[in-house]
Amino acid sequence: MESAEREGRKDEKVDGVVYSMSPAPNYRHSIINNNINTIIKQGLKNSLCLVFMENLEYKYHPDINDDYFCPDIMIVCGRKELKGGAYSGVPKFIAETLSPSTAKRDKTIKKDAYEKAGIEEYWIVAPNGILEIYYLVDGKYVLEQNYILQADQEEADYNADITIALRAFPNITMTLKDVFENVD
């Protein structure tokens, strides 16, 4: 299916099979993506890199086939690999926010494809306050950080103010509270 035919619909193609991303995930998914995207966008000012949210196909092995994902958040720095509504380079960062219809794919197929593509940092965010951060180490993803948001300051394991920096962009920082702001 050509991009023009798919306009207005969101889908992904894996091993030649097109998966519809409809219905749209709930509002918490969008709030989280917007929170992360806004912080990254501010941090990338005066940079050649760009951040995309939910609207750019990532052709993760264009030399083999035309499969693609549509990551929730993606930082790209190779502008020559941007063509139309797709990117075929190696993103510096990808975040996927889990929804019931995509959680399994985000944690397995996508994670494996992103690892093979050489994406150095991958976040899996769950709307219930869980954040997993994977870094590429010797060609394999290693779970470096695993947070469960505890926003109650009265609790001993309060962690909402923990600061997280993007590996490739250490000037871009956010707290767990920032990631999950307004997600009730």
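Predicted model: local features only at pLDDT ≥ 70, side-chain atom pairs only at ≥ 80, totals over all residues.
Visitor: Is D106 buried or exposed?
Guide: Buried means under 20% relative accessible area, exposed over 50%, and partly exposed in between, with a 1.4 Å probe and protein chains only. The relative accessibility of D106 is 0%, and D106 therefore counts as buried.

Visitor: Which residues do salt bridges that share partners join into one network?
Guide: The side chain of K110 meets that of D106 in a salt bridge. Through shared partners, such bridges form one network of E12, E96, R105, D106 and K110.

Visitor: How many residues apart are K110 and E96, which also meet in a salt bridge?
Guide: Helices (H or I, at least four residues) and strands (E, at least two) are DSSP runs, numbered from the N terminus. The side chains of K110 and E96 form a salt bridge of 3.2 Å, N to O. This pair links distant parts of the chain, for K110 is in helix 4 and E96 in strand 8 (residues 93-97), and their separation is 14 residues.

Visitor: Which residues of helix 4 are buried?
Guide: K110 is at 0% relative accessibility and so counts as buried. The buried residues of helix 4 are K110, K111, A113, Y114, E115 and A117.

Visitor: How far apart in sequence are the parts tied together by K13 and D66?
Guide: The structure holds 8 salt bridges, and one of them joins the side chains of K13 and D66 at 2.8 Å, N to O. Because K13 lies in strand 1 (residues 11-14) and D66 in the loop between strand 4 and strand 5, the pair ties together parts separated in sequence by 53 residues.

Visitor: What is the geometry of the aromatic pair F69 and Y114?
Guide: Rings of Phe, Tyr and Trp (its six-membered ring) pair if their centres lie within 6.5 Å; planes under 30 degrees apart count as stacked, over 60 as edge-to-face and the rest as tilted. A search of the whole structure finds 9 aromatic pairs. The ring centres of F69 and Y114 are 5.6 Å apart and their planes stand at 80 degrees, so this pair is edge-to-face.

Visitor: Where in the chain are F69 and Y114?
Guide: The pair links distant parts of the chain, 45 residues apart. F69 is in the loop between strand 4 (57-58) and strand 5 (73-76), and Y114 is in helix 4 (residues 109-117).

Visitor: How far apart are the ring centres of Y114 and Y122?
Guide: Y114 is at 0% relative accessibility and so counts as buried. The rings of Y114 and Y122 have their planes at 75 degrees, so they are edge-to-face, and their centres are separated by 5.0 Å.

Visitor: Which residues do ring pairs link into a cluster?
Guide: One of the members, Y58, has its place in strand 4, and its relative accessible area of 1% is the reason why Y58 is buried. The cluster linked by ring pairs consists of Y58, Y60, F69, Y114, Y122, Y134 and Y141.

Visitor: What distance separates the C-alpha atoms of Y58 and V125?
Guide: Y58 and V125 are 67 residues apart along the chain. Their C-alpha atoms are separated by 19 Å.

Visitor: In which loop is D152 found?
Guide: The relative accessible area of D152 is 35%, so D152 is partly exposed. Its place is in the loop between strand 11 (140-148) and strand 12 (163-165).

Methods:
Residues numbered from 1 in each chain as written. Heavy atoms only, no water. Salt bridge = Lys/Arg side-chain N within 4 Å of Asp/Glu carboxyl O.
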